[in-house]
Structure formats: C-alpha cells, structure tokens
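Q: Could you show me how to read a few features of a protein model, one at a time?
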Amino acid sequence: MKFTLALAANFLVGAAVAAPGPAKDCKESFGLEGFAKENPLGVTTGGKGGPTTTVTAAAALATAVLGKNPLTVVIKGDFDLPARLLVGSNKSLIGHGKGATITGKGVTIKAADNVIIQNLHIHDILDDDCITIHSSTRVWIDHNEFSSDIDGGPDKFDGQLDIIHASDFITVSWNYFHDHWKSSLVGNSDAYGDEDSGHLRVTYHHNHWNNMGTRGNAGRFGHQHLYNNFYNDFHYQAIHSRSNNQVLVEGNVFRGDTPEALSTYGLVIPMDSPNTSPDGDYEIDGFANLGAKNDFGRSGVNITQKGNFTKAPYKYKLTPLKSVEGLVKQGAGRGKI
Ligand SMILES: *[C@@H]1O[C@H](CO)[C@@H](O)[C@H](O)[C@H]1NC(C)=O
Ligand SMILES: *[C@@H]1O[C@H](CO)[C@@H](O)[C@H](O)[C@H]1NC(C)=O
Ligand SMILES: *[C@@H]1O[C@H](CO)[C@@H](O)[C@H](O)[C@H]1NC(C)=O
C-alpha cells in the first residue's frame, strides 16, 4: 500500500453515491470509476478471466496483444517499438514493478472492446499519438506517465491520448501527463459530427497535468466528465469544449501559468493548430456545466453556453478540493499501483 491511511481517508463520497464512507485503502481508492465502469456494455475487465503472460521483448509484446482472447500481458523493461502496438479486445497491458517504458512508436487500440492499460511510461513518440483509441469501446487508461518535451512547439509531437471515431465508455484516471504540448483530443474533426455524436463519453479523474500546451482535454461532439484533476502550468488552454461537445467540470484545481482553464468558445486557437490558419479556426461552440466547486486559481473561464450534462450517470467518489493537489501529485503516474 503506497498511500497513508490519512490520505486515503481524504476521499469523500460524492452526492451520487448511496453508501458513504472513506475508502479502506489505496487499492479501493484506485478502483475503476466512470464511463468505463458503468455503461450499457458492462464493466471494463480487460484480460480478466484469461491467463497472464510476461513479455520482455518488442516482438513478443506485439504478438501477445493480438486477437480477442482474454489475456493479461505483464510488460517488463524498456521497449523501443519499431511499429505501433495494435492492441486487440479483452487485454490488460500492465507495466511490471515501477513501470515499463515505451518509446519509438506508440499504442493503437482500434476496433477493439474491453482494454486496460496501466503502469506504463510512454514517451517521445514521434510518429503519432502516444495512445490512440479509435472506434473502440470500454477502455481504462490508468496510472501511466506520458511525456516528451514542449520546446519543439505544438506540432513536433502529436497527442498523448487521443480518443477518436465514435469511441465510447472510456475512463482516464491517475495518469501523469507532463512536458508535452497537445495532451488529449476527443473527436479529431469538426466534420465527423454524424459519426461521433452520441459517443465519445469519457471520464477523466485524478490526472496530473504539468507543463503542457493545450487539450486537457479538447472535445468535439461527445461528453466528458472531468473531476479532481490537477493542472499546473497549462500554458495556453486546458479544457476546451467545442463543436457541440459537452463537459461536466468539477472539483479540479488549476495552478501556475495556466491562462485559460476552461473554454466553450469554438475558436481553435493558433497555439493549438498553427498549421491551419494564423488566426485560428472557427468551429461552433461547445457546452460546459460546473458541478462541485473547482479551484480555478487565476485561470480564466469562458463558458459561452451551458449544456444539459449536469450529472454523471454513475457513482463516483469526489476528493475534497483542498486535498486534490496533494493526493493527485502523490497518487498519479506509474509505480503507484
Ligand atoms: C471478449 O471475451 C469475452 C469472454 O471470452 C467474449 O465473450 C467476447 O466476445 C470477447 N470480445 C470480443 C470483441 O471478441
Ligand atoms: C470568450 O468567448 C467570446 C464569445 O462568446 C469571445 O468573443 C471571447 O473572445 C472569448 N474570450 C477569450 C479570452 O477567448
Ligand atoms: C442536450 O443538449 C443537446 C444540445 O443542445 C441536445 O442536442 C440534446 O437533445 C439535449 N439532450 C436532452 C436529453 O435534452
């Protein structure tokens, strides 16, 4: 157990939870919550029910994650992947010990269902996103670290975690995203409204963002519930809800050089996509609702329209606002589970 009981006891139970009471230990605090848990397809279980295999080389890893049979793949060591890792359905990919590292090419979850990724450090991926979730359902991205460097500008690297093409029922929890420009894009074009609308339901909770540019997250056409995330030095824009997207934002803390915590104004700022128009691109606005109090610090908030995503359709534990920074800094990232 990595958490002290005092910290674990700092979890309170949100209004939506029937039986209140502090979490007994850190494992319980780290359990799956949100859209990947409570959805019409059932709880995300990854490789549960299947065998466990340990891999120590890239070729063995690529083979292990293929197919649809339930399998837990324990990843041990540092991997420089020669090609994107294509993960099939019913898989858990779990870094061994303090976490496995992946560089070279990143990870793609495409046309898959029921995948868990934990305890990896995915860094300096040049070809594409660190993780792309494409036309997939029930994915839990938990306790990973993502990093590169921010000095090369917005287009040197792509996203850290992009969720696209009508993917649905995703939970992104306790990850450490740092030193990177574009973090997490949900919905990759304003032209995909017909495909994406009604999907792209994502929960982001207890993530730590530090020294970032944009997209924490940026969303189009979906619904994202963001609670108890800690944002520090998010230099341009953190949460951006546009193209009819809806966000429910509660219990988050914003610090440092973070000029804009939340915007629903449709303009895609040039600091986000400088390759399109020097003035930015206009999309229609998104929606935002505020739930439990956030601490926006000195960061701006520009809510141009409130939506109807006022309540998450599941149970979840809210951390008291004053404990969010400490708890997230301590609990997020690899080597913690
Ligand atoms: C995942 O595994 C379950 C249980 O074995 C199976 O019923 C299901 O069809 C699998 N999913 C896919 C997409 O094959
Ligand atoms: C906030 O949104 C309005 C549109 O409603 C826009 O005119 C204004 O420039 C936005 N403010 C910022 C700081 O982007
Ligand atoms: C919620 O708002 C959106 C955007 O205005 C609208 O399309 C949708 O029908 C509304 N949903 C409900 C259940 O009212």
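Predicted model: local features only at pLDDT ≥ 70, side-chain atom pairs only at ≥ 80, totals over all residues.

Q: Which residues touch the most other members of the largest nonpolar core?
A: A core of this kind is a set of buried nonpolar residues joined through their side-chain atoms. Here the largest one holds 51 residues, and within that set Ile-109, Ile-131 and Ile-163 touch the most other members. If we leave aside the neighbours within four places in sequence, Ile-109 is in contact with several residues, including Val-87, Val-115, Ile-117, Ile-131, Ile-133 and Val-139, and also with Thr-132, His-134 and Ser-136.

Q: Is Asn-228 buried or exposed?
A: A residue is called buried when its relative accessible area is under 20%. Asn-228 has 0% relative accessibility, and therefore it counts as buried, while its place in the chain is the loop between β18 (223–227) and β19 (230–234). Not counting residues up to four places away in sequence, Asn-228 touches, among others, His-206, Asn-207, Glu-250, Asn-252, Lys-317 and Thr-319.

Q: Which residues surround ligand 3?
A: To read such a site, one looks at the residues around the ligand and then at pairs of polar atoms. Ligand 3 is surrounded by Gln-246, Phe-287 and Asn-308. A polar side-chain atom of Gln-246 lies 3.5 Å from an oxygen atom of the ligand, and for Asn-308 the corresponding distance to an oxygen atom of ligand 3 is 2.4 Å. On its own ligand 3 has 360 Å² of accessible area, of which the protein covers 26%.

Note on methods:
Residues numbered from 1 in each chain as written. Chains lettered and ligands numbered in written order. Heavy atoms only, no water. Core = buried A, V, L, I, M, F, W, Y, C linked by side-chain atoms within 4.5 Å. Buried < 20%, exposed > 50% of the residue type's maximum accessible area, 1.4 Å probe, protein only. Contact = heavy atoms within 4.5 Å. Helix = DSSP H or I, 4+ residues; strand = E, 2+ residues; numbered from the N terminus. Near = heavy atom within 4 Å. Polar contact = N/O pair within 3.5 Å; in protein donor to acceptor, adjacent residues only side chain to side chain. Areas by Shrake-Rupley, 256 points an atom, 1.4 Å probe, with all protein chains shown as cover.
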